[in-house]
Amino acid sequence: MGLAQQAIYFLFHPNQLRAIIQWKVWHEPVHKRDPSKETPTEKACFHYLNLTSRSFAAVIQELNPELLMPICLFYLVLRGLDTIEDDMTIDIKEKEPLLRGFHELMEKDGWTFNGNGPNEKDRDLLVHFDVVITELKKVKKPYYEIIKDITVKMGNGMADYALNAEHNANGVNTIADYELYCHYVAGLVGEGLTRLFVASDLANPKLLDRMELTESMGQFLQKTNIIRDVHEDWLDGRRFWPKEIWSLYFDKWDDLFAPENRERALQCSSHMVLNALKHVEECIFYMAGVRDQSVFNFVAIPQAMAIATLELVFRNPAIFERNIKITKGDACQLMTESTQNLRVLCDVFRRYARRIHKKNDPRDPNYLAISAQCGKIEQFIESIFPTQDPQKIAAGRRHPGEQPGMDTMDAVVLVVSCVAVMLLLGATMIGLAWLMGANMDKMVTGLGALGGNIKPPGSIADVPGRDEL
Amino acid sequence: MGSEAKPALGSVLVIGGCGFLGHHVVRLLLRDYTCSVSVVDLRCTRNRRPDSDGVAYFEADITDADRLEAIFSQVKPDVVIHTASPPAQGNDKVSHALFKRVNVDGTAAVIRACQATGVKGLVYTSSASVVSDNVSDLINADERWPTVRGKDQTEYYSETKAAAEELVLAANRAPDAPKLLTCAIRPSGIMGEGDTMVLYHLINVYRQGRDNVQVGSNDNLFDFTYVENVAHGHLLAARALLLTAAAATLPLDHERVDGEAFFITNDSPVYFWDFARAVWAAAGSPRGTDHVRVLPRGLGMVLGFLSECFFWAIGKPPTFNRQRIIYSCMTRYYDISKAKKRLGYKPLVPLDEGVRRAVRWTLEQEKANNDSKAQ
């Protein structure tokens, strides 16, 4: 998008511009890495992190120093595995032992791999993988064991899928298959992260007893991406939507994309959204168990992006035509809001649950179930941060407030002067607050609506993609 | 439950067993439990089980204490499920007197009959409205919320339900009859087959083409409950009371069922107008939400007031009033953790399936009525 076009867009969507500025200006990382104290191999690792990750790079580099390097390396190891798995130019006979034995390769000093095809975008990482290996040797034993354990599981899972002809030819069949697939690509990563958070005492150890919460974190992100990327995957000849769901609406997968079937396709997609929404309560519960601010930011940003993306794709026919993304302004606002505390984050979830419910269509067979699921999310948030206090309600009934009387004339004068002063003060303060970056989205949305059809500029901060892990 | 052994409830007496909720209680007793079932109702012609089910029916007015005690002596119930209550309609002296007579005096008579004949458990159908003042929101309310009584309670029906609930709970292990254990079930927004209130009114709104107006922002959550789930909650409570009665020791406070009230819902609050639209869609509405105009609550209140003035002037009860605006904009949903923990309650039928069944039944009734009129 040209500069002029962007300028016009922001002219009509000032709150988008404001959110971007607010994030860039006011965001203060909890921790910042200090490159002056880093070894050359450490620097090289961050170089490859920035090269291979669009969205995780920033949040990883703001992590608590205790976990900064372990999680950076964890990411690079999984990215390395992924680069081997994704590369269709590597023969399966060569690929399988690489995947299954990756945890051993990553212990061999100086091991590198240049068997990737020339077009593999992340081949550089494996060509220079020795820097990762050097740094892995320095990781504290407990952290290293976790990284290794997940690498074993992930490598074997990837090898199994690569060998699974049925999966590769026909895609995912049952909902159980679908969730198992999401487990391998996202749930396992989550498991590793939770164990790292707990091992470093940055999260509540109880999270280890409730691993289904961790699983939901991964499932929610992954399912959202799978719904969003349906068109792109279809073009690539891949299908991740489970047949168990889409066969309720269509006999043939390709029919989902036929323009004349839009309404039915939307119903199918809302079934998928409903299936993803069931994880939200457990995600919020999980994040309540995080103790460290930088870890909270690390886990909350992708979750906030996911609920916003789910709202964007919900009953949106564009998902069957092209790849859609939340706007950069929205992404910045979400990042601002998900780097505060659980309460602010819950407000985000409630806001998007309500938006989803507003887009819901009574003709959709999933209508009431979706409404109920949005209600469930609101109820869950209410159970963490209750609005009402039964004791206060009881006390209020026992001692009803008695107002002293007042002359009518006095009252009128008082009210009029109060209103005048408040209007003046209010206008001044709102103006000042807005300038300084306060939240007044609702007031501005009205103005923004005037802008109508101007398309937002492409988003930079995306939801972490499955293409990344 | 099916293949598992059905739990035993001994001799069960359902008061109001031909009513909307009561006949579902009877149906579930026959389906899910091993027990002998008797029913007391004012009229035992409607919602009657076929004779092959072996249900004993007794016609009686529950305010007739002597008749009630005679039936109890004959049936010798182990547990009594008291669902009888007049429809919560009407705001005049006559209906108020009826509410008081059936809900309060009738319940008092039921309690005395239980105490006199050695009944072990009494489950009383209260109402979730006992904690509502009919104006304020109830946001995720649970059993810690105080009941609204006296002049704070603007609905006399709720006042009588709360008064009866108080009597029932006070009768738990009462000094003069310590063997009787009691509890109260507070359902919210019951609907289902046999319901002539909630769905009937909603479908009427659709038939009259008034589904194009939405009062308020529709962010208010409301608990509607499918009747079978409410019946299920009652029977779980009955079973818990019998188990407590058979136990040698007193239950711990956090496990107690006797002497306690329990909210029962579908455990899925939905946005008020979403529920209405789901009903309309199930009733055949082909419309989405594009035709809907939003009437702000404030404006609705003004119109409601004008309507009240108009009907007052022509001397008729208003068909549209401020209270209806308030109800459709109120948040009113409950946290049922207590029922889940202590009763092991979980809704048997999800809300959307409940709506489908209830609407199907209402439309069938409508059709049957029209057919009989046509003949």
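Helices (H or I, at least four residues) and strands (E, at least two) are DSSP runs, numbered from the N terminus. Welcome to a short tour of a predicted model, in which local features need pLDDT of at least 70, side-chain atom pairs count only at pLDDT 80 or more, and totals for chains, interfaces and linings use all residues. Residues are numbered from 1 along each chain as its sequence is written, chains are lettered from A and ligands numbered from 1 in the order in which they are written, and side-chain values use heavy atoms, with hydrogens and water left out.

- Helix α16 of chain A (residues 262-277) reaches 22 Å from its first C-alpha to its last, close to the 22 Å expected for its 16 residues; the expected span is 1.5 Å times one less than the number of residues.
- Because 14 of its 16 residues are buried, α16(A) is largely enclosed by the rest of the structure (buried means under 20% relative accessible area, with a 1.4 Å probe and protein chains only).
- The buried residues of α20(A) include L342(A), F349(A), Y352(A) and H357(A).

**Positive phi in chain B**

- Most residues other than glycine have a negative phi.
- N140(B), in strand β6 (residues 138-141), has a phi near 55 degrees and is buried at 7% relative accessibility.
- N218(B), in the loop between β9 (213-215) and β10 (221-222), has a phi near 65 degrees and is buried at 3%.

Definitions and conventions. Buried < 20%, exposed > 50% of the residue type's maximum accessible area, 1.4 Å probe, protein only.
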